[in-house]
Each structure stands twice: as C-alpha cells, then as structure tokens.
There are 6 protein chains.
Amino acid sequence: METPLINQLGVVKRNIVRADAAARDRLAQFGSATIHEAMGRVGLMKPYMRPIHAGSHACGTAVTVLLQPGDNWMMHVAAEQIRPGDIVIAAVTAECSDGYFGDLLATSFKARGAQGLVIDGGVRDVKELGAMGFPVWSKAISAKGTIKATLGSVNIPVICAGALVNPGDVVVADDDGIVVVPAAIAAQVADAAQKREALETDKRARLAAGVLGLDMYQMREPLAKAGLRYID
Amino acid sequence: METPLINQLGVVKRNIVRADAAARDRLAQFGSATIHEAMGRVGLMKPYMRPIHAGSHACGTAVTVLLQPGDNWMMHVAAEQIRPGDIVIAAVTAECSDGYFGDLLATSFKARGAQGLVIDGGVRDVKELGAMGFPVWSKAISAKGTIKATLGSVNIPVICAGALVNPGDVVVADDDGIVVVPAAIAAQVADAAQKREALETDKRARLAAGVLGLDMYQMREPLAKAGLRYID
Amino acid sequence: METPLINQLGVVKRNIVRADAAARDRLAQFGSATIHEAMGRVGLMKPYMRPIHAGSHACGTAVTVLLQPGDNWMMHVAAEQIRPGDIVIAAVTAECSDGYFGDLLATSFKARGAQGLVIDGGVRDVKELGAMGFPVWSKAISAKGTIKATLGSVNIPVICAGALVNPGDVVVADDDGIVVVPAAIAAQVADAAQKREALETDKRARLAAGVLGLDMYQMREPLAKAGLRYID
Amino acid sequence: METPLINQLGVVKRNIVRADAAARDRLAQFGSATIHEAMGRVGLMKPYMRPIHAGSHACGTAVTVLLQPGDNWMMHVAAEQIRPGDIVIAAVTAECSDGYFGDLLATSFKARGAQGLVIDGGVRDVKELGAMGFPVWSKAISAKGTIKATLGSVNIPVICAGALVNPGDVVVADDDGIVVVPAAIAAQVADAAQKREALETDKRARLAAGVLGLDMYQMREPLAKAGLRYID
Amino acid sequence: METPLINQLGVVKRNIVRADAAARDRLAQFGSATIHEAMGRVGLMKPYMRPIHAGSHACGTAVTVLLQPGDNWMMHVAAEQIRPGDIVIAAVTAECSDGYFGDLLATSFKARGAQGLVIDGGVRDVKELGAMGFPVWSKAISAKGTIKATLGSVNIPVICAGALVNPGDVVVADDDGIVVVPAAIAAQVADAAQKREALETDKRARLAAGVLGLDMYQMREPLAKAGLRYID
Amino acid sequence: METPLINQLGVVKRNIVRADAAARDRLAQFGSATIHEAMGRVGLMKPYMRPIHAGSHACGTAVTVLLQPGDNWMMHVAAEQIRPGDIVIAAVTAECSDGYFGDLLATSFKARGAQGLVIDGGVRDVKELGAMGFPVWSKAISAKGTIKATLGSVNIPVICAGALVNPGDVVVADDDGIVVVPAAIAAQVADAAQKREALETDKRARLAAGVLGLDMYQMREPLAKAGLRYID
C-alpha cells in the first residue's frame with residue numbers, strides 16, 4: 001500500500017500505529033515546554049495557537065485530519081477513526097478562520113474517547129465546549145459554520161501550525177503551547193522530560209532561597225569573557 | 001427627509017424604527033452561531049471582534065455610532081438616543097485602536113438602558129466594566145483615551161467589523177461572535193433559530209450515545225461518490 | 001562614565017536613580033488609563049502588550065533589560081540588579097516570540113523583590129506564573145525556550161513596545177495597558193492622577209443618575225457649531 | 001421581486017441599474033483620494049487592498065460577486081453578467097487567501113469588456129495578468145487554486161473590504177486605494193471632484209513657490225487659539 | 001546512519017539525493033500555480049512569502065538550512081553544500097524578521113551555483129541583490145543583521161513557511177508563490193504540468209473568443225441542480 | 001526653557017541643533033544596513049516601514065513631527081521648520097493608517113528643501129509622489145485623508161516605528177530600512193561605516209572567487225567546538 005503524501009486529498013487511513021499507551025500516559029504528566037526541551041528543542045506548533053479556555057491540558061495519540069477551507073466534512077469521517085486516548089489534530093489547506101467545530105462534533109468526539117482537539121482554523125460554541133470540559137486549541141474563534149462538500153483526508157501526515165504531525169504521534173497541549181512527539185521516541189522523550197523536571201525542582205528551591213542564576217549556572221566568567229561591562 | 005449615506009458624517013437620526021421587542025427577546029435566547037445559520041449563513045461580524053470578558057452575552061436593538069479615529073465625541077451624542085433594550089454599535093472611519101469607551105460612558109449607557117457595546121476599535125477600564133456587568137465586544141483594549149473634536153454620526157447605517165448594521169436591527173453577541181439580524185426579519189429568524197435548536201438537541205443525544213455523524217447524516221454514500229478512498 | 005546609547009549592547013549599569021518610593025507607592029493606586037491622562041496623554045506602551053492573566057496589576061521602578069532574539073542570558077544578569085519594589089522591563093532587539101521567561105526566573109525575580117515583568121516578547125509556564133501570583137505582561141506566549149549565548153544590556157534606556165523606559169522610571173501595568181512615568185515627575189503625576197480620579201467619582205455619580213454627558217460637559221453648543229444636524 | 005439581502009447565497013440578478021456611463025467616464029479621470037474627499041470622506045475600501053502591479057488604474061460599474069472560501073464557481077457565473085465598462089467586485093464570506101482568479105478567468109472577463117477586478121481574497125498568475133494589462137486589486141497573492149462546488153451570488157449588495165457595493169455603483173481604483181460611488185450620485189460626485197481638483201492645481205503652484213500652508217490656509221490663528229507654544 | 005528529525009539541531013548532511021536534473025529542468029518551465037495543480041493541489045508554502053523583486057523566477061534542488069532566531073551561522077555552513085542547480089531553503093526555529101542574508105552571502109551562494117534563496121525570515125541589501133540578479137523570496141526585509149553563535153542544521157528535512165522540504169526536493173518559486181516537489185515524483189509532476197498547460201492554451205483561446213466558462217465547463221446544469229436562482 | 005517630554009503635545013521647537021552637515025553628507029553614501037552595523041547594531045526602525053517606491057534613498061537631518069490619529073495639522077506647522085537637507089520624521093500617537101500626506105504637502109516640503117518623509121502612518125498620492133521624485137517611507141498607503149483639528153508637536157523627541165528620534169539626528173532610509181544616527185556621533189559613525197564598507201569590498205571579491213565564508217571567517221573550528229556533526 002502506497003504511503004500518502006503530506007496533505008494528499010481524498011484518503012482515509014484506518015490502521016495507524018499509535019504510540020505506546022504507557023509512554024503517552026507518562027508524557028501526559030509534563031508541560032509542553034518541558035517536553036519540547038526534552039526533545040532537543042523541536043516539535044512545537046506556532047504560538048498563534050491558543051487554548052479557547054485558560055488552564056486547558058490534553059495529551060493523546062494523534063488522529064489527523066486535513067480540511068479544505070470552509071468545509072468540515074472530514075471531521076465526521078475522522079470521528080469514526082477516533083479511539084479512546086486519541087487527540088484530533090486538524091490542518092486546513094488554506095488560511096481560513098471559519099468555525100469548523102462546535103458542540104455537536106465535540107459530543108461525538110467525546111463519545112469516541114477523544115481527549116481534545118487542536119485545529120489550525122476556527123471553532124465555535126465556546127461556552128458549550130467549556131461546559132462539556134472538552135479542551136480545544138485553535139487559531140480563531142468564529143460563529144461562522146462550514147459546509148460539507150469537498151474531500152480532505154484522515155490519518156495522513158499533516159503540517160498543522162508549522163509542525164509535522166504523523167498519525168499516532170503523541171501530542172501534548174497546554175496553556176504554553178502544543179508539542180508533537182514522534183511515536184517512535186515517545187518513551188525516550190518521557191524519560192528525558194522526567195529527568196529535566198527533577199533537576200528543575202532542585203533549581204527552583206535554590207532560586208527561591210535567593211541564590212542567583214548567575215552563580216547557580218556559573219555564568220559570571222562566560223559573561224565577562226563575552227565582554228560584558230559593568231558601569232556605575 | 002433624505003436617507004443618510006452609509007458612513008455619512010455629521011448626522012443624528014432621532015426616530016429610528018426598532019425591531020419588534022418580542023422578536024428581540026426571543027432572539028436573546030439563542031447563540032450567535034445558531035442565529036447566523038438560521039439566517040442562511042449571513043450577518044456575522046469578522047472574528048477579530050472579541051468580548052473583553054469571557055462568557056459575555058448581549059442582545060439588543062442597534063443604536064449605531066460612527067466615530068472618527070481617536071475621537072469619541074459621538075458616543076456622548078449616542079447616549080441620548082439609547083432606550084432600554086438597545087445595544088450600541090460603534091464603527092470607526094479608520095483602523096485606530098484607541099480606547100474610545102470606559103467606565104464613565106458605560107455608567108451613562110447603563111443608566112439609559114443599554115444592553116452592551118460592540119465597537120470596531122478599542123476600549124479601556126476593562127476591570128471596572130467587568131465589575132459593572134456591562135458587556136463589551138471590541139477589536140482592541142487600550143488605555144489611550146480619545147478627544148472630542150470632530151463630528152461623526154448617530155443612527156445612520158454603518159459597516160462595523162465587516163457587517164452592515166442599520167439602526168434598529170437586532171444584534172446578538174456572545175463568546176462565538178456577533179450577528180446582525182435586520183429588523184424586518186427578526187421574528188422570522190427567531191422562528192428558524194428555534195427550529196434549528198430543537199433539531200440540535202435531538203442530534204446531540206444521538207451523538208452522545210455513540211451514533212456517528214457519518215450515519216446520522218447519511219454521508220457514507222456521498223463520500224464514496226466523491227471518491228474518498230479508505231486504505232489500511 | 002559615559003551614558004549608554006539606547007539599545008547599546010554589552011553594558012550593565014549598577015547604580016541607577018530610582019523614582020521616589022513614596023511617589024511610586026502613590027502611583028500604584030491608579031490605573032494605567034488615569035495615569036496616562038494625568039501625564040498629558042503620553043507614556044503608553046502599544047496595546048498589543050497584554051497581561052497573561054486577566055486582572056493583573058503591578059507598579060514598580062524599572063530595571064530594564066535588552067535581550068537579543070531567542071536569547072535570555074541577560075535576564076539572569078538583570079536578576080542581580082533587582083531591588084524590592086522594582087519591575088523588570090524587557091525589550092528585544094528584534095521581533096521574536098520565543099518564551100524568554102518562565103517559572104524558574106520568576107522564582108528568582110520574586111525572591112529579589114520584583115513586582116512583575118513587562119516583556120516585548122514571549123513567556124511560558126503561564127499556569128505556574130499564575131499560581132505564584134507573579135504578574136506578567138507580554139506580546140506572546142510560547143513554550144519555545146531560549147539560549148544563553150549573546151550579550152544584551154541591563155539598566156540602559158530601552159524602547160519597549162513603543163515606549164522609552166529609563167531605568168528607575170515608574171511603570172504601572174494593569175488590564176488596560178502599561179504606562180511609563182519618568183522618575184523626575186513621578187510625584188507630580190501622582191498628584192494629577194489623584195485630582196483626576198476625584199473628579200471622575202463625581203461625574204460617575206451624575207451619569208449614573210441619568211445626567212447626559214452632553215449636558216454635563218456642555219457639548220450641545222459646540223456640536224451645533226461644528227454643524228451636527230438632527231433629523232427625524 | 002424581493003430584494004436580496006446583503007451576502008444572501010444562491011442568487012444571480014440579471015438586470016441591474018448601472019450608473020450613468022457619462023458620469024462613470026468622468027469619474028475615471030480622478031484618483032480615489034480626490035473622489036473620496038468629493039463624496040464627503042466616505043466610500044473607501046480598507047487599505048489592505050493593494051494593486052498587484054504598481055501604477056494600475058481602473059474605473060467601472062460594479063458587477064458584484066459573493067464567493068465562498070476556497071471556491072470560485074461564481075466567478076464563471078459573473079462572467080456572463082459583465083458588460084463593457086464594468087468592473088468586477090468580489091467579496092468572500094470568510095477570510096481566505098486562496099487564488100480565486102488567474103489568467104484564464106481574466107481572458108474571459110476581458111473578452112466581456114471588464115475594466116478590472118477588485119477581490120477581497122487572493123489571485124494568481126500575477127505575471128500573466130500584468131502582460132495582459134488586466135488590472136487587479138486584491139488582499140493576497142496565492143498560487144493555491146480553488147474548487148467549484150458551492151453557490152455564492154452575483155449582483156447582490158456585498159461588503160467588500162469594509163465597503164458596501166451595490167451592483168451598478170461606480171468603483172474607481174488606483175495606487176492609493178479603492179472608492180465606491182453609489183450610482184445615484186455619480187454625476188454629482190464627478191462635479192465635486194472636478195471642483196476640488198481645480199482648487200488643488202492653484203494650491204500646488206503656490207506651495208511650489210514657497211508659500212506655507214500655515215499662511216495659505218490661515219492656520220496661525222487657530223493654532224495659537226488651540227494653545228500651540230513655540231519654544232527656542 | 002540515523003535519519004535526522006525534522007528541525008533537529010547541530011547536523012549537516014553531506015550526501016543528499018537530489019532530484020533528477022532533467023526533471024528539475026523541465027519543472028523550471030512551469031509556474032508555481034501550474035505545478036501545484038499538477039501535484040493534486042498540494043506542496044505550496046504560505047502566501048506571506050514574497051519575492052523581494054517582482055518578476056523573479058527560480059527552480060532548483062533544495063539545500064535546506066535550519067537557522068536559530070537572529071543567527072545566520074548555518075548559512076555559511078550551507079554554502080559549502082551548494083552545487084550548481086541548487087536552491088537554498090532556509091527555515092528559522094522561531095518567527096524573527098532579522099536580515100539573515102545580504103549581498104556577501106549572495107555572492108558566495110552564486111559562486112557555488114545557487115539559483116536563489118527562499119527564507120522564512122528577513123533579508124537585506126535588496127538593491128544589491130537585484131543588481132546581481134540573485135532571486136530571493138522572504139517573509140520580511142530588514143536591515144538588521146544577525147550573529148554567528150548558535151548551531152542549526154543543514155540538509156535535514158525542514159518546515160519552511162508551512163511546507164515540508166526534504167533536501168534534494170525540487171523547489172519552484174515565482175511571483176505567485178513557492179511550490180515543493182518531492183524528488184521521487186519530480187518527473188511525473190513535470191509530465192502532469194505539461195499536460196495541464198497544453199489544455200490551458202486551448203481554453204485560453206476559446207475564452208478570448210468570447211466562449212463562457214459556464215458553457216465550456218458545462219456548469220449550467222450543476223449550478224441549476226445546486227439551486228442557483230436567476231432573478232430580474 | 002524646559003526640555004519637552006517624548007511625545008508631549010502642543011509644542012514647536014524652533015532652534016534645534018542639527019548634526020554636522022559634512023557628517024550627514026558622508027552618511028548619505030552608505031546604506032541603512034551598513035550604518036546600523038557601524039553603530040554597534042542599534043538605531044533601526046521596525047521592518048514594517050517600507051518605501052512607497054522601490055529603489056528610494058534619502059538622508060537628512062531630522063525635523064520631527066508628532067501627529068494625532070487621523071489629523072495632519074502639525075505637518076503644516078512642520079513645513080515652516082524645514083531647512084534644506086532635512087528629512088521629516090512623523091510619529092503618530094496611535095496606530096492609525098490614514099493618509100496623512102499627499103502631493104500638496106510634498107510640494108511644500110520639497111520647496112523648503114526636504115529630502116524625504118518617514119511616517120509611522122499612511123500616505124496617499126503615491127503615483128504623484130513618484131513622479132515628483134519625493135521619497136517616502138511609510139507603514140501604510142491609504143486614500144483616506146485627515147482633518148486639521150488637534151495639536152501635536154514639532155521638533156520634540158519622538159518614537160517612530162520603535163526608534164527614538166531627536167530633532168537634528170541624521171536619518172538614512174533605503175530599500176532595506178531606516179536608521180537613526182544621533183547628531184553627536186554622526187561623524188564617528190560615518191568613519192566606522194567607511195571602514196566597514198572597505199572591508200566588505202575585499203570580502204566580496206574573495207567570496208566571488210569561490211572562497212568559502214567557513215574558511216574566510218575561520219569558522220570550522222568554532223563550529224566543531226560547538227558540536228556540529230557532519231553525516232553522510
């Protein structure tokens with residue numbers, strides 16, 4: 001079976017390889033900033049993506065959707081591919097702020113076990129989504145609905161908000177942003193995130209006690225070497 | 001008396017025909033997305049307009065204001081034209097983010113019975129407006145005040161955030177956006193919105209029970225006809 | 001010792017003249033809009049700067065930082081210069097939305113007595129910063145971290161979000177925006193703000209009682225002179 | 001026959017009342033800035049609209065088109081409604097930068113006698129359009145093509161880039177922007193533009209000779225009254 | 001040897017598989033819009049990317065560069081990897097408008113045989129680049145230079161302006177935009193583009209002769225079926 | 001006489017200290033990028049400022065103007081303060097894209113000896129300005145005119161597009177951007193620019209001959225130290 005191209009239209013892939021569930025659940029304990037650092041500072045979507053409700057957090061294995069501008073037909077096709085623990089990642093082939101998603105689709109996605117939605121477009125029914133506790137990250141909020149007339153794809157690799165997402169990758173989203181962890185390295189990234197977090201707890205305590213980063217990180221010498229001048 | 005042009009300067013119309021109050025009150029029960037659909041998918045302002053406080057909702061008959069950049073003189077002229085149940089819709093002749101509205105004007109508008117403000121510009125005193133419970137949708141928030149030196153107009157047709165608003169039209173605003181219902185069709189749109197909402201309640205229940213949109217909306221055949229391919 | 005140029009790189013000024021603490025504390029009682037008006041309508045940063053948590057308020061004497069794009073080394077240098085009652089004002093030499101600041105630096109800044117941070121760039125650890133009660137105003141939120149490789153400066157004059165900030169100036173930030181009060185006129189601006197606020201209390205009461213601004217400000221005659229026409 | 005709503009979908013109006021051809025031809029001699037002033041400073045589209053080639057100029061009677069995002073089906077419907085001397089004004093129901101128009105449609109529009117295109121969306125084949133001498137004003141340039149699947153409308157009132165355009169209105173576009181002159185007042189606006197231009201020729205000569213605007217417009221006294229202070 | 005991750009830092013791949021030169025040269029004859037259509041409507045970068053000089057055209061095999069914000073060190077590393085017929089595609093790990101490229105680097109790239117540069121950031125020396133005839137597509141123009149302090153990568157897969165580019169892919173850029181053709185399908189896409197262009201020549205002639213698209217594409221029946229109403 | 005605050009309203013300073021004319025004329029020979037580097041990488045306005053005609057170049061001593069949104073009254077006040085060799089730098093107290101400047105003012109400015117205009121707002125009469133050969137850099141182009149009703153200032157320090165400009169400073173503008181050289185260091189910056197340019201001529205020749213920057217700048221060792229890995 002041929003591999004679909006990025007953004008190829010008219011294809012639904014049914015059997016995707018999801019990241020290991022245990023690794024996904026471990027990643028769920030970390031923030032997007034920590035995971036991004038643990039991966040070697042890669043994997044983030046662009047910062048224009050924002051949670052529609054402050055304090056949102058989600059982690060899941062990606063079911064990807066490629067939408068056409070102003071058309072959410074593929075969201076219904078995607079619903080059938082969702083399994084418990086998935087998160088839906090929706091890309092659009094053009095910049096279009098329409099509201100592709102609202103409380104009806106959220107009801108369906110939730111019933112299928114989705115952990116949330118990340119969409120490089122608009123959503124609506126913001127209040128209802130908040131009441132349902134279904135977390136959403138989007139580029140826009142718009143009451144304008146969409147039609148169901150043109151094919152996109154489901155579960156092909158997509159570029160969403162500047163990040164490549166393969167179906168099955170782990171996606172972690174919170175107030176700081178959205179990070180994509182390739183399925184193959186999910187466990188290894190969880191390990192690195194855990195180490196990083198342990199180190200930070202110790203640093204936080206020292207900084208709270210008044211130790212300066214200048215001393216804790218031994219920056220005084222490199223700063224002087226770089227030529228920093230103190231004046232009075 | 002001649003009809004003012006859209007955006008004509010220097011005119012205040014006193015006797016405007018407001019939409020039927022009963023229709024307005026029925027429209028107040030629906031969200032902007034539902035009303036927009038009920039109208040045949042028209043009437044929305046652009047999605048850059050946002051409530052300054054999440055969870056805001058307002059519905060009223062429009063008193064329109066046309067402002068000049070950096071000048072809020074006409075807001076005071078508009079205050080006198082407000083009647084209980086109105087909502088003020090302010091357009092600006094240029095893109096200018098100044099804060100044209102704050103808690104003093106809000107106190108006055110509220111005393112006159114205004115339900116809220118929609119302004120294609122900036123506002124300030126955000127915290128105070130929240131404490132007063134006066135809902136505002138705007139393009140920007142800015143502490144920068146304005147002057148009172150140049151004439152605009154009140155109660156002429158204006159284009160606000162991409163939508164035409166005639167004085168007396170019903171405007172409904174919430175977290176999803178802002179929709180304008182022409183006065184002449186307010187009752188008819190309320191009927192359509194009610195029907196739509198009734199249908200959605202039923203759909204929501206079925207989707208929550210796990211029925212797929214693919215089946216509920218009978219999409220499988222048209223998708224196949226359009227050429228959607230499932231691969232493994 | 002020579003005066004550093006605006007945005008000059010590689011300099012840390014240790015002994016800065018802070019605005020009078022009493023004047024700073026009086027300014028802390030007013031909002032940014034009131035202070036901006038009291039200064040003769042000057043001193044505001046651009047409205048794209050927003051608090052990362054609604055309802056934030058901070059007032060302090062400025063410790064300024066000039067950062068290079070994607071590099072937060074100077075934040076650590078700045079920490080050492082913070083004294084209780086200061087607020088950190090960070091400019092970046094280019095538009096870059098990276099997250100220059102997170103909960104570790106906030107812990108250190110707070111331990112030094114900082115009242116908050118204003119940064120013309122991005123920040124991360126939004127939830128943690130909220131939990132700590134450390135107020136931040138920024139241009140962006142981004143999980144993307146920064147490196148520590150290139151020199152900027154501390155306590156030189158900087159232009160942050162369109163406003164000149166000299167170290168020691170008083171900066172007041174709230175939901176409406178951010179205003180910079182030159183140290184030399186802090187007391188005088190506090191006086192003017194107090195007078196303005198007293199006047200507003202009276203006006204608010206009259207407007208709440210239904211008096212129109214048209215009458216309270218005696219606008220009817222100048223409006224007629226400017227040519228405003230009332231039609232029916 | 002009922003009047004279509006602004007942005008109503010699925011309607012083509014065949015018999016529209018075009019502005020008087022003589023008035024249109026007189027308006028063709030003036031720039032958009034002059035006409036906007038002559039109309040009382042109204043009627044301009046937003047400044048984000050730009051000619052795709054510098055030095056473009058067009059004037060015609062409006063054939064309006066309402067497009068759906070990512071769909072240019074209605075452009076073909078519009079072609080049939082074009083008469084010599086028309087200009088096509090295309091609005092889109094959502095913000096979407098796709099390329100709705102290229103050299104094939106331009107060939108057809110030109111064969112029908114169109115003077116140019118104004119579109120609140122994207123276009124492509126920029127080089128070919130330049131070679132053909134077919135002037136276009138747009139919001140974006142994009143190689144991305146569109147589909148032909150959903151109905152919009154032709155010759156209904158539309159809001160394009162913030163301006164209301166009724167079919168048959170005169171639209172003048174140049175390097176400075178795009179102005180819409182309602183058909184009913186086209187002759188009267190042409191008169192006013194002519195007067196304004198005559199006045200400007202005289203003023204230009206005096207300013208070139210070194211006369212100051214301060215004296216020519218007698219501004220010194222009002223400036224002094226407004227409180228302008230000269231210092232040394 | 002392991003495959004580098006997208007956006008992985010600190011790696012230079014020397015031996016990349018370039019698309020077939022004959023296929024590349026055939027693709028050079030087509031515009032970006034035609035190639036995008038020939039590929040099934042995929043592969044375009046975002047429309048914010050613009051040529052710094054109108055009328056630019058370039059086609060080459062991609063040498064990719066990943067830059068850090070405000071740092072162009074890797075551009076020098078990339079120069080060594082350029083072979084005649086290549087085009088350099090530069091991504092930046094953050095949105096930063098600095099001028100990463102000017103006439104000195106262009107001199108070096110040109111000496112190595114580069115056909116042009118596509119950069120998701122800023123460039124400078126615009127006039128000199130025009131005089132040299134070295135075509136550049138960028139997101140911004142900025143006189144602000146960059147430093148050489150932090151590692152990025154060369155010849156790894158990058159996401160540039162929303163498109164995935166693998167080293168060796170063919171990239172075609174012109175006034176309409178930038179399209180990426182995966183190396184493996186370059187010949188096949190050239191075939192499809194040629195067929196498409198042949199068809200268009202015929203269509204253009206018929207449209208120029210006054211045939212309507214409505215008839216040429218047999219749209220009247222589907223439009224009627226979709227419900228289009230003609231009114232008078 | 002007291003020093004005006006930045007952005008203080010209602011003041012015209014007549015006797016300003018202009019940078020040395022010889023230094024200004026020497027700076028006129030360099031591009032904005034070279035001067036910015038020669039100053040230690042400071043002094044640039046933001047890159048959203050663009051010449052309205054490609055290929056523009058201007059250098060002059062700054063006459064500064066502070067405008068209110070939608071009001072160009074102070075431009076006429078500024079005209080009187082222009083001396084041959086000056087360049088006008090106009091800031092606006094708010095973001096407002098109106099056209100504050102057109103061919104009449106340009107005629108007056110030119111008659112007074114102005115070298116050009118830099119304005120953090122909009123301009124109009126683009127074609128006429130090109131024909132006159134009067135260079136302009138602006139944030140926007142807009143046919144919308146302004147009023148003459150509110151006071152700004154002339155020849156006070158202003159912040160224009162993110163850069164502080166004191167009256168009398170040298171401003172150099174070209175296709176790459178706009179750089180501000182404080183009057184006191186104009187000669188010294190001209191010296192540094194000259195040195196820099198001499199060095200670049202030599203480097204250009206070597207790069208054109210095929211020498212790599214990697215070798216010319218001796219980057220191979222620091223790259224290896226930083227950890228750059230070459231793979232095959």
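This note comments on chain arrangement and salt bridges in a predicted model.

1. Basis. Local features need pLDDT of at least 70, side-chain atom pairs count only at pLDDT 80 or more, and totals for chains, interfaces and linings use all residues. Residues are numbered from 1 along each chain as its sequence is written, chains are lettered from A in the order in which they are written, and side-chain values use heavy atoms, without hydrogens and water.

2. Symmetry. Chain A is superposed on chain D by a rotation of 180° with 0.0 Å of shift along the axis (RMSD 0.0 Å), fitted by least squares on the C-alpha atoms of residues with pLDDT of at least 70 in both. That is the relation of a two-fold axis. Within chain A, C96(A) comes closest to this axis, at 2.3 Å (C-alpha).

3. A bridge between chains. D103(F) and R204(D) form a salt bridge at 2.8 Å, N to O; the term denotes a side-chain nitrogen of Lys or Arg within 4 Å of a carboxyl oxygen of Asp or Glu. D103(F) lies in helix α4 of chain F and R204(D) in helix α6 of chain D, so the pair joins two chains. Helices are DSSP runs (H or I, at least four residues), and strands are runs of E of at least two.

4. Accessibility. D103(F) is buried, at 6% relative accessible area, whereas R204(D) is partly exposed, at 28%. Buried means under 20%, exposed over 50%, and partly exposed in between (1.4 Å probe, protein chains only).

5. A bridge within a chain. K139(D) pairs with E95(D) at 3.4 Å. K139(D) is in strand β6 and E95(D) in a loop, 44 residues apart.
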